[in-house]
Amino acid sequence: MTHADIEITADLVRDLLREQHPDLADLAIREVAGGWGNHMWRLGTDLAVRMQRMDPTPEFQLNERRWLPVLAPRLPLPVPTPVRSGEPSARFPKHWTVMTWVPGDPLDRSSISRGDHAAGTLAGFLRALHVPAPADAPVRGDRGGHPKTCADGFDRLFHAVVPDGLADDVRTVWDDAVAAPEWEGPPLWMHGDLHPANVVVSDGTLSGVIDFGDMSAGDPAWDLAAAWVILPAGAASRFFDAYAQADAGTIRRARGLAAMKSLFLLLTGRNGDLGLPGGKPGWGPAGRAALDRVLRG
C-alpha cells in the first residue's frame, strides 16, 4: 500500500491524537467535505485536523506551521492557525497539523450577497497581507511570477476547456496580461491560491480565508485575481478602489491570471462531472461565472 492509498478515517485521526496529543483525543471528530491535497476533520468546535493526503511533500504544511503564526495576528479576517504538530509515525507516515477552525461556509458551496461589503473586506485583508516578505519566505516556481512564465499552463487549460465562442476574448485578456510590465516591487507575501473553496462566507460576505498551503512571496497580482474569481459581478472596481495599491499594469496581470484561474475551475468541474480524481463537480459553474466577470472587465 502506498502512502496515497492509506484510508483516513475518524478512528485513525483519534488514534493519532491518542499517540501524540492525548489531551485532544476525546473531542468530537467529524469529516469535512472537500479537500484534495489535505483531508480535513473537525475536532471539537474550535479546532480541525489537517491530514496530508495527496500533497507529494510536507512542505506546504510545514510552511503553514512556520509562517501562519507570524502573519495571522495582523490579518483582519480569521485564518487557520496551527496549534499542534503531528509527526509521521508507523500508524500514518505523513505530517498532520491541528489548527484553529475558521467558521463559515466555503464559497464554492455558498454565495456572496453583500458584494460591496465583501469587496472592501477582501481589499482590507490583502492590503494587510501584501507586505514585503523576508528573504527566507517560501517561493513557488509555479506561481508568483509574471504571467508570461506560466504561458504553457494557460495554453493547456485554454485548449482543454475554453467555452465555445469565448476563445478570442479570453486570449485577448491573457495576451494583454503577458504584455503588461513586470512587478517592480519587492516580493510580497501572498496567499497564492484564492478561489471559492479557500474563502468562507457568513451573512452574505467574506468572513475568513483558509488553506494557506501555497503561501509564498511574489507578485501580488496572483491574489488580486480574486477580484473576479471570488467577488460577484460589479464588485471588482469597488475592490481595486479600496485596495488602492495596484497600478494599471498590476491590474492587467491580475485580470489575465483571473482568466487562467477561471479555466482551472472549469477544468476541475469537468473532471468532477467525469468522476476523475481531484475533480469537483460544483466548480464548473463557478468557473464559468468567474470567466464571464473577467471578460466584462
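A residue counts as buried under 20% relative accessible area, as exposed over 50%, and as partly exposed in between, with a 1.4 Å probe and protein chains only. By that scale Asp-142 is partly exposed, with a relative accessible area of 41%.

This is a predicted model, in which local features need pLDDT of at least 70 and side-chain atom pairs count only at pLDDT 80 or more, while totals for chains, interfaces and linings use all residues. Residues are numbered from 1 along each chain as its sequence is written, and side-chain values use heavy atoms, with hydrogens and water left out.

**Overall form**

The protein has 10 helices and 10 strands. Its radius of gyration is 19 Å, close to the 19 Å that the globule rule gives for 297 residues, so the protein is as compact as a globular protein of that length. That radius is taken over C-alpha atoms, and the rule is 2.2 Å times the number of residues to the power 0.38. Helices (H or I, at least four residues) and strands (E, at least two) are DSSP runs, numbered from the N terminus.

The C-alpha trace spans about 55 × 40 × 35 Å along its principal axes. Of the 297 residues, 53% are buried. Contact means heavy atoms within 4.5 Å. Among contacts between residues at least 6 apart in sequence, 70% join residues at least 24 apart.

**Salt bridges**

A salt bridge is a side-chain nitrogen of Lys or Arg within 4 Å of a carboxyl oxygen of Asp or Glu. The count by this rule is 17.

| Salt bridge | N to O distance |
|---|---|
| Asp-15 and Arg-18 | 3.7 Å |
| Asp-136 and Arg-66 | 2.5 Å |
| Arg-143 and Asp-142 | 3.6 Å |

Asp-15 and Arg-18 share helix H1 (residues 10-20). They sit 3 residues apart, about one turn of the helix. Asp-15 is partly exposed at 24% relative accessible area. Arg-18 is partly exposed too, at 48%.

What does the bridge between Asp-136 and Arg-66 tie together? Asp-136 lies in the loop between helix H3 (115-129) and helix H4 (151-161), and Arg-66 in helix H2 (residues 59-71), so the pair ties together parts that are 70 residues apart in sequence. Asp-136 is partly exposed, at 43% relative accessibility. Arg-66 is partly exposed as well, at 47%.

Is Arg-143 buried or exposed? Its relative accessibility is 16%, so Arg-143 counts as buried.

Helix H10 (residues 283-296) gives the largest share of the lining, 3 residues. By class, the lining has 10 nonpolar, 3 polar and 2 charged residues.

The terms work as follows. Ala, Val, Leu, Ile, Met, Phe, Trp, Tyr, Cys and Pro count as nonpolar, Asp, Glu, Lys and Arg as charged, and the others, Gly among them, as polar.

Gln-52 lies in strand S3 (residues 47-52). It is buried, with a relative accessible area of 5%. Neighbours within four places in sequence aside, Gln-52 is in contact with residues including Ile-8, Gly-37, Phe-92 and His-95.

Trp-189 lies in strand S7 (residues 188-190). It is buried, at 3% relative accessible area. Trp-189 and Pro-138 are 51 residues apart in sequence and 9.2 Å apart in space, C-alpha to C-alpha.

**Positive phi in two loops**

Most residues other than glycine have a negative phi. Asp-211 is not a glycine, yet its phi is positive, about 55 degrees. Asp-211 sits in the loop between strand S9 (205-209) and strand S10 (216-218). It is partly exposed, at 25%.

Ala-244 also has a positive phi, near 60 degrees. Its place is the loop between helix H8 (236-243) and helix H9 (248-273). Ala-244 counts as exposed, at 60% relative accessibility.
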